Amino acid sequence: MTRNLLPSRRTSWNLHLVVGGKQTVFLTFGEYPDGTLGELFIIANKRGSLVRALLDAFAIQFSLGLQHGVPLETAVAAMRDADFLPQGCVSGAEDFGVTEASSILAAIASVIDATYLKRK
């Protein structure tokens, strides 16, 4: 399958989340010219941590999947029910209707659901 690269100059937006009162993550959502999601960057605030490395690797694979034609719904379904610590209250995503999550990935999935799949 051919990779659908994003243009070198593209629209993106950022979001700062705190999950479970413990883990801060900074998200960047990169979009194709038609407004569809084409890439995701996840930066955890703990330098050198395993969580940071795994979230970075996950974001790369998620983005590559989207760019190779994996439907957004399929990609998001894989992370929607993730259940691991930290979990609990989510701050920073109230505008998207996200106030609690079972993991960082579940919080991100809820933001994508609300933004790109138009679900709460």
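**Overall fold**

The model is predicted. Its protein chain holds 3 helices and 5 strands. From the N terminus on, the elements run β-β-β-α-α-β-β-α. The radius of gyration is 14 Å, close to the 14 Å that the globule rule gives for 120 residues, so the chain is as compact as a globular protein of that length. Along the principal axes, the C-alpha atoms fill a box of roughly 40 × 35 × 25 Å.

**Strand 1 and its partners**

Strand 1 covers residues 11-19. Two pairings of this strand are set out below.

| Pairing | Direction | Bridges | Residues facing each other |
|---|---|---|---|
| Strand 1 with strand 2 (residues 23-31) | antiparallel | 9 bridges | L15 and L27 |
| Strand 1 with strand 4 (residues 88-91) | antiparallel | 2 bridges | V19 and V90 |

Strand 1 and strand 2 form a hairpin with 3 residues between the strands. In this hairpin, G20 takes a positive phi near 65°.

**Contacts and burial**

Buried residues make up 42% of the 120 residues in the chain. Among contacts with a separation of 6 or more, 48% join residues 24 or more positions apart.

**Surface and charge**

The protein chain exposes about 6800 Å². Carbon and sulfur atoms supply 55% of that area. How many positive and negative side chains does the protein chain have? There are 11 positive and 11 negative side chains. The centres of the two sets lie 7 Å apart.

Conventions
Residues numbered from 1 in each chain as written. Predicted model: local features only at pLDDT ≥ 70, side-chain atom pairs only at ≥ 80, totals over all residues. Heavy atoms only, no water. Pairing = 2+ DSSP bridges. Helix = DSSP H or I, 4+ residues; strand = E, 2+ residues; numbered from the N terminus. Rg over C-alpha atoms; globule rule 2.2 N^0.38 Å. Buried < 20%, exposed > 50% of the residue type's maximum accessible area, 1.4 Å probe, protein only. Contact = heavy atoms within 4.5 Å. Areas by Shrake-Rupley, 256 points an atom, 1.4 Å probe, with all protein chains shown as cover. Lys, Arg positive; Asp, Glu negative; His and termini not counted. Charge placed at Lys NZ, Arg CZ, Asp CG, Glu CD.
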